[in-house]
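Welcome, and thanks for taking a look at this report.

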Amino acid sequence: MSEEKTVEPRVLAIILGGGKGTRLYPLTKERSKPAVPFGGKYRIVDIPISNCINSGYHKIYLLTQFNSASLHQHIINSYTFDRFSRGFVEILAAEQTLEHSGWYEGTADAVRKHVSHFKAQNPTHYIILSGDQLYRMDLKKFMNEHIASGADITIAAKAVNREDASGFGIMKVDDSSRITEFMEKPAKDMNIDEWKIPGKSRAKDLPENLEYLASMGIYIFNADTMDEMLDNDFNDFGKEIIPEAIKSKKVNSYIFNGYWEDIGTIKSFYDATLDLTKPVPSFNFYDEAKPIYTHMRNLPPSKINNADMTQSLASEGCVITESRLQHSVIGVRSIISEGCDLNGVIMMGADFYESEEQKALNKKKNVPNIGLGKNCKINKAIIDKNACIGDNCCININGKKYEDGDHGLFYSADGIIVIRKGVKIPAGTVI
């Protein structure tokens, strides 16, 4: 007697590109959040896309509506599947149709407005992912547990302590991991003892102080459940769709116990990037079995001319000359001239090399070349792409405090100085 054949689910991955990305400004001034460079050679969007590919899910839609040109170019240059795999990574930007006026009103509304595209793939399940989080998750395991549980919706959850619980949507679960209530960002002085994770739903290796379940904004929906839950005017998954679904659907939690970081602010982005310089970083790019994919640029190896580098990363195509780098991440095509001293610096690099003719023209106009000129001293800063910083510039080394916000040549956030994309900073400037 032949064994019953298991039918594989037809999974469609949807990555939410986010809104205007105001918390990551000015890195999002000319690009969407998913397109922000990360880790020297990647873009933030490479993280969720790679999680999908490494889990065997190759049908991926990316929903975006703000500053999508840079993101679109990156996707075209990075993700091309062979014609036999039927895989794709496709951007769906907000558009006007006869049915709706265009702009997304929230996460659920963004999905609703593209349902016709999704149904053409005849999916049995949807995985909804965020475009600005740093983590590695076996989405196949997540899906298998969802199916085995018989749930209509499963929400990936991170165990957090009481202090951190106020920054997330918190879920109350029963002994079978079914979600019974959902609450958005409880006040710090609110008593939420009844929302602690019950013993039978706790993982054995979960630290005792992590007592509450926070939504990661990562969901699995059965396709028919998705259709039903979007048949209304609700605009947001976390604030409206999920609380409504809990009333009538089986909504389960899936506790993820690995590293996860929301990199939606300048400080969280800065901290997560510099964490990569540790001997054993929280996020590991060096996993051969589960690589993080990105644009293959065919750049030459970096040239290090007598530089002193400690706990730092240098991407392809850099030229670093007689300089000192500590705890810094250097992006592709970065040029660092002699005598520079960098500590806690994220340098995003450049989109191109300047020709000798262009450099001669820059000199004639008294304009600095792309990269760092000689003898620059820089601490705790993010230097966006194509920035031109002249000789003898000092950035964030004199202890001066700036209010958060725009200061012309630069932006300040939580003590971090952000040098804008393409800005030209004259020689001798002190910030």
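Let us start with Gln-133, which is buried at a relative accessible area of 5%. Here buried means under 20% relative accessible area, exposed means over 50%, and partly exposed lies in between, with a 1.4 Å probe and protein chains only. This is a predicted model, in which local features need pLDDT of at least 70 and side-chain atom pairs count only at pLDDT 80 or more, while totals for chains, interfaces and linings use all residues. Residues are numbered from 1 along each chain as its sequence is written, and side-chain values use heavy atoms, with hydrogens and water left out.

Gln-133 sits in strand S7 (residues 133-135). Strands (E, at least two residues) and helices (H or I, at least four) are DSSP runs, numbered from the N terminus. What does the side chain of Gln-133 meet in polar contacts? One partner is the side chain of Trp-260, at 2.9 Å. A polar atom of the Gln-133 side chain also lies 2.8 Å from the backbone oxygen of Met-216. A polar contact is a pair of N or O atoms within 3.5 Å; within protein, one must be able to donate a hydrogen and the other to accept it, and residues adjacent in sequence count only if both atoms are side-chain atoms.

Leaving out residues up to four places away in sequence, Gln-133 touches a set of residues including Ile-44, Ile-47, Ile-218 and Ile-263. Contact means heavy atoms within 4.5 Å.

Now to the charged pairs. The structure holds 19 salt bridges, each being a side-chain nitrogen of Lys or Arg within 4 Å of a carboxyl oxygen of Asp or Glu. Three of them are listed here.

| Pair | N to O distance |
|---|---|
| Lys-119 and Asp-227 | 3.9 Å |
| Glu-181 and Lys-172 | 3.0 Å |
| Lys-385 and Asp-351 | 2.9 Å |

Lys-119 belongs to helix H4 (residues 115-119) and Asp-227 to helix H7 (residues 223-229), so this pair ties together parts that are 108 residues apart in sequence. Lys-119 is partly exposed at 47% relative accessible area, and Asp-227 is partly exposed at 34%.

In the second pair, Glu-181 is partly exposed at 37%, whereas Lys-172 counts as buried at 15%. In the third, Lys-385 counts as buried at 5%, while Asp-351 is partly exposed at 34%.

Salt bridges also link Asp-109, Arg-112 and Lys-113 in a network.
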